[in-house]
Structures are given as structure tokens and as C-alpha cells.
Amino acid sequence: MAMRITTSMVQRNILSDLNSISSKLTRTQMKSASGKEIMRPSDDPFGTAQAMALRQSLSANQQHQRNVEDAMGWQDATEQALMDITDSVEKVKSLLVQGASDSLDQTGRDAIASELEQIIEGIKMAANTSYRGSYLFAGTETSTRPYAATSNPYVPGDDAYQGDEAGWNPAVPGIIREIGPGVQMSINVVARQFLGDGQGSGDGKLLDVMRDAVGNLRSGNITALRASDMDRLEQNFDLLLEVRAENGAKTNRLEAALGRLTQLEESVTDQLSKTEDADIAETLIELNSQTAAYQAALRAGASIVQTSLMDFLR
Amino acid sequence: VASTVTEAAMTSLTSGKLAGLRQLRDTTVPGYVTQLDTVVAALIAQTNARHAAGFTLTGAGGGTFFTGTGSADVAVNAALAANPALVAASSNGQPGNNANALSIAALRTTAVIGSSTIDTAYAQLVTTIGSDALDARRDLDNASILVDSLEDRRQSVSGVSLDEEMVNLVRFQRAYQASSRAMSTMDEMLDVLINRTGRVGL
């Protein structure tokens with residue numbers, strides 16, 4: 001037997017159908033207004049978890065990019081200072097050749113010695129370069145000037161290095177930037193590595209050699225100048241170039257890392273958008289068809305609810 | 001007489017709206033809060049332990065980073081928020097050393113709650129709440145459909161159909177009309193019988 005259909009059944013069914021269509025419509029409207037597929041975790045619990053993980057890796061990625069950019073600024077400043085020092089050392093080399101010449105008299109040598117002293121102060125100034133309030137060449141003692149102000153005339157010990165060896169000594173971590181997940185990189189160069197502690201320290205580094213050369217020029221000891229100072233200067237110059245090359249290689253590595261991070265950011269952003277953003281075209285079509293369905297239901301409901309046999313009986 | 005319903009009387013409730021609200025208040029939401037507290041407590045404990053191992057810019061030992069014990073009262077140490085120099089980023093007291101900050105940052109990928117990191121534990125909580133809500137919504141949909149179809153069955157038996165009533169109305173009206181017609185016919189017959197009998201040939 002067919003089910004008996006009563007008036008209140010019809011009314012109730014129409015009402016509940018209208019309710020379900022209009023709640024779907026509201027959701028689609030919210031989706032198109034916010035542009036988001038997932039508005040609450042319950043809309044798609046799995047998608048929510050995925051979106052959270054993606055957003056986390058996105059924020060980590062952006063922090064790594066900031067780290068790389070900061071490191072690159074640091075490297076650029078370091079490179080600039082190292083370039084200044086290289087230029088000065090080249091100047092010193094030619095001055096020493098000049099000073100070692102037999103044809104020069106003592107007055108000339110004294111003049112060259114004075115110029116050399118000025119150049120040394122210039123090199124120390126370059127080594128005292130600071131970047132964003134941190135001394136570049138002082139290891140992790142970033143608030144200490146690597147080479148303190150010196151007295152004039154020079155007193156042995158004035159050139160003593162004030163920082164630490166963090167970053168040069170492999171046992172002590174230097175200034176580290178995390179440039180990728182779990183990838184850390186030491187970015188600092190320690191001045192003591194190539195400038196040393198000055199005359200009398202016996203370390204044979206740049207400052208030591210140049211101070212010796214000044215002394216030999218003033219005392220007219222050309223033999224020592226030729227036999228030892230010029231060779232040692234040449235060796236130190238090679239070391240300086242090595243340090244610069246290493247620093248340049250670090251800059252290249254940072255640039256490569258930045259490129260990779262940018263690419264990764266793009267693909268993660270893309271993935272995030274796919275996970276939680278609404279497909280606008282699809283949403284609008286959905287909205288249209290649901291609006292049409294809602295209107296049709298309203299019209300059908302209105303005509304069914306109003307008519308009964310009464311309308312046809314006279 | 002107004003009566004007070006005691007909490008004890010409510011514990012006997014096992015179904016219905018009231019029982020549902022009670023369950024939400026006493027079991028479901030506190031469960032989420034406990035889970036969130038676990039995540040926050042791990043964050044506080046781990047960060048503080050690592051922060052305390054470091055040194056500030058002035059070379060002093062690192063203090064507390066987060067105050068509080070759970071999700072309700074967690075906050076960045078007020079002294080530290082007012083003076084960022086108190087952040088213990090250094091692992092050996094040197095101003096340029098940032099190894100301790102890196103160690104704290106590494107918490108992001110370190111499993112500290114069972115085999116989960118703080119991030120994944122939090123994501124799990126959000127997913128749990130989301131799928132619970134989705135389940136509840138689905139249950140509601142199913143139950144509504146069930147109620148609707150039962151109600152349909154009931155209405156089908158006990159409900160009023162206007163069409164049916166109209167048909168009956170017409171039927172009974174016709175019957176009434178038929179009976180009246182029968183009566184008036186009878187009346188005419190009697191009229192013939194009583195008033196016109198015996199007057200043949202007048």
C-alpha cells in the first residue's frame with residue numbers, strides 16, 4: 001500500500017529541504033566571500049593538519065631567508081674590508097721594493113717608514129669595521145674592537161688582538177646563521193688569522209711583518225728588508241687572498257641557498273593555496289546552481305503548500 | 001512547588017540534550033584543555049630549560065623565558081619582554097655567540113612530547129577537535145534523517161490530510177443530500193397517501 005501522505009508531512013518535508021538547501025547555500029556564500037575552502041578545522045580535519053604543517057614550513061623558510069640575507073650583508077661588509085686590506089698590502093709591497101733600493105738615502109727611507117705606519121693604522125681601521133653594531137673581525141666578542149686605539153709613536157703590544165678565536169678555531173663555534181632546516185654556517189672571519197698580534201708577538205703575521213719592516217727602514221737595515229720582510233709579506237699576502245677566496249665562496253653558497261629557499265617558498269605557498277583556498281570558478285558555479293535550486297524549491301513549495309482539493313470544489 | 005535539581009541527580013542522566021551538555025562541559029572540553037596544557041607545558045619546560053643553560057648579553061645566566069604552568073597563564077617573562085638584552089642567546093657568554101638561540105630554535109624539530117614535536121602535537125589537537133566536530137555534525141545529520149522518516153511514518157498514520165477530509169466532506173454532504181432527498185420523496189408519497197386517498201371520482 002502506498003504511504004498515506006498528510007498535509008503536515010508535506011509541509012514539514014518542504015521546510016526541512018529548504019533548510020538543507022539554504023544551509024548549503026550559506027556555506028558556499030561564506031566560501032566565496034572568504035576565498036577559503038577551510039574556514040574551520042571541522043570543514044576538513046586532514047586538510048587543516050596539512051595546512052598547518054605547510055604554514056609552519058613556510059614561516060621557517062621565511063626566517064631562513066631573513067637569516068641568509070643578514071649573513072649576506074655581513075659577508076658583503078667583510079668582503080669590502082678585506083678588499084681595503086688587500087689594496088693596502090699591495091701598496092706596502094711596492095713601498096718595500098722602493099725602500100729596499102740602494103739608491104734611496106735614509107731620509108727617503110724614514111719617509112717611507114712613516115707612510116707605512118699610516119697604512120698600518122688604515123689596515124687596523126678596516127679590521128675594526130662594524131656591521132649593525134657588531135665588530136666583524138672580533139670573533140664572537142662582537143662588542144669589543146679587535147684592535148684598540150694605539151699610542152703614537154708605536155709601542156710593541158699596541159697591535160694586540162682583543163677579540164677571540166671563535167670561528168677560526170674549529171673547537172669554538174663562531175657566529176652562526178641557520179640557512180636551512182638543520183643547515184648552519186659560520187659567517188665570521190677572525191682578524192687574528194691574517195693580521196696577528198703585531199711586532200714582538202713572533203707570529204709572523206701581517207702586522208708583525210710590517211712593524212718589522214718599519215723598524216728595518218728606520219735603522220737602514222736593507223739586508224733584513226730584502227732577505228726576510230719582503231718574503232714574509234708575500235706569504236701573508238697569499239694567506240689574505242686565501243681568506244678572501246673562502247669568504248667569497250661563502251657568499252656564493254649563501255646566494256645558492258637563497259635561491260633554493262625562494263623556490264621552496266613558492267612551491268610551499270602554492271601547495272598551501274591548493275590546500276586551503278577555494279577554487280573561485282568552482283565556488284561561483286556552485287553558488288549559482290544552489291541559488292537556482294533554492295529558488296526552485298521555494299516556488300514548488302509555495303504552490304504545493306497553498307493548493308488542496310478545496311481550491312477545486314465549488 | 002519549585003524544586004532544585006542537584007548535581008547528584010544529574011549524574012543519572014545518560015541521554016538527551018541535558019546529558020549532552022553535561023558531557024560537553026565535564027568531559028569533552030576539559031579533555032581538550034588537558035591536551036592543550038600538555039603542549040603548552042612542554043613548550044614552557046623545554047624553552048625554559050634551554051634558555052636557562054645560556055647566557056645573556058651581559059654574560060649573566062639565562063633566567064625564565066616563559067612564566068606560568070599551562071595554557072591559562074602562559075606568558076613571556078615580563079622582565080625579559082621589557083628588556084630583550086636578557087634573552088640568553090649565547091652559549092658561552094660571548095656577545096656574538098648565538099648557539100643557545102639556535103638550540104632553542106631547534107625545539108621546532110625536536111620530539112619532546114612522546115614522539116611528537118610541539119608543533120605536531122598542537123596540530124594533532126586541532127585535528128582531533130576538527131574531526132570530533134565533523135563527527136558530531138554527521139551524527140546530527142543521520143539522527144535528523146532518522147527522526148524525519150519516523151515522523152513521516154507517524155504522520156502517515158495519525159496525521160490529517162486536507163484532501164482526504166475534503167473528499168470525506170463531499171461524501172458525507174452527498175449522503176446527507178441523498179437522505180434529505182429520500183425524506184422529501186417519502187413526504188410526497190405520504191402526502192399522496194393521506195391527502196388524496198378516497199377522493200376518487202370527485
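Is A:Arg132 buried or exposed? A:Arg132 is exposed, with a relative accessible area of 65%. Buried means under 20% relative accessible area, exposed over 50%, and partly exposed in between, with a 1.4 Å probe and protein chains only.

This is a predicted model, in which local features need pLDDT of at least 70 and side-chain atom pairs count only at pLDDT 80 or more, while totals for chains, interfaces and linings use all residues. Residues are numbered from 1 along each chain as its sequence is written, chains are lettered from A and ligands numbered from 1 in the order in which they are written, and side-chain values use heavy atoms, with hydrogens and water left out.

**The two chains**

Chain A has six helices and four strands. Its order along the sequence is α-α-α-β-β-β-β-α-α-α. Chain B has six helices and two strands. Its order is α-α-β-β-α-α-α-α. Helices (H or I, at least four residues) and strands (E, at least two) are DSSP runs, numbered from the N terminus.

The overall values for each chain are set out below.

Sequence separation of contacts is the next item. A contact means heavy atoms within 4.5 Å. In chain A, take the contacts with a separation of 6 or more: residues 24 or more positions apart account for 70% of them. In chain B, take the contacts between residues at least 6 apart: 48% join residues at least 24 apart.

**Helix pairs in chain A**

Start with H1(A) and H6(A). Helix H1 covers residues 7-34, and helix H6 covers residues 280-306. Their axes come within 9 Å and cross at roughly 160°. Axes are lines fitted to C-alpha atoms, for helices over the stretch in contact, and angles run from 0 to 180 degrees between N-to-C directions. H1(A) and H6(A) are therefore roughly antiparallel to each other. Angles under 35 degrees count as roughly parallel, over 145 as roughly antiparallel, 65 to 115 as roughly perpendicular and the rest as oblique. H1(A) passes H6(A) in a left-handed crossing. A crossing is left-handed if the near helix is turned anticlockwise from the far one by less than a right angle, and right-handed if clockwise. The residues of this contact divide into 13 nonpolar, nine polar and three charged. Here Ala, Val, Leu, Ile, Met, Phe, Trp, Tyr, Cys and Pro count as nonpolar, Asp, Glu, Lys and Arg as charged, and the others, Gly among them, as polar.

Now H2(A), residues 45-99, and H4(A), residues 206-219. Their axes come within 12 Å and cross at roughly 25°. That makes H2(A) roughly parallel to H4(A). The crossing of H2(A) past H4(A) is left-handed. H2(A) contributes A:Val89, A:Val92, A:Leu96 and A:Gly99 to the contact. H4(A) contributes A:Leu206, A:Met210, A:Ala213 and A:Leu217. By class, this contact has seven nonpolar, one polar and no charged residues.

**Individual residues in chain A**

A:Arg132 sits in the loop between strand S1 (130-131) and strand S2 (134-135). Its phi is near 50°, a positive value in a residue other than glycine.

A:Met185 belongs to strand S4, residues 183-186. A:Met185 is buried, at 3% relative accessible area. Neighbours within four places in sequence aside, A:Met185 contacts A:Ile175, A:Ile176, A:Arg177, A:Ile179, A:Lys250, A:Arg253 and A:Leu254. A:Gly174 is 11 residues away along the chain, with 9.0 Å between its C-alpha atom and that of A:Met185.

A:Thr275 lies in helix H5, residues 222-276. A:Thr275 counts as buried, with 13% relative accessibility. Leaving aside neighbours within four places in sequence, A:Thr275 touches A:Glu37, A:Ile38, A:Gly47, A:Gln50, A:Ala51 and A:Leu54.

A:Thr26 lies in helix H1. A:Thr26 is partly exposed, at 40% relative accessible area. A:Thr26 and A:Glu255 are 229 residues apart in sequence and 49 Å apart in space, C-alpha to C-alpha.
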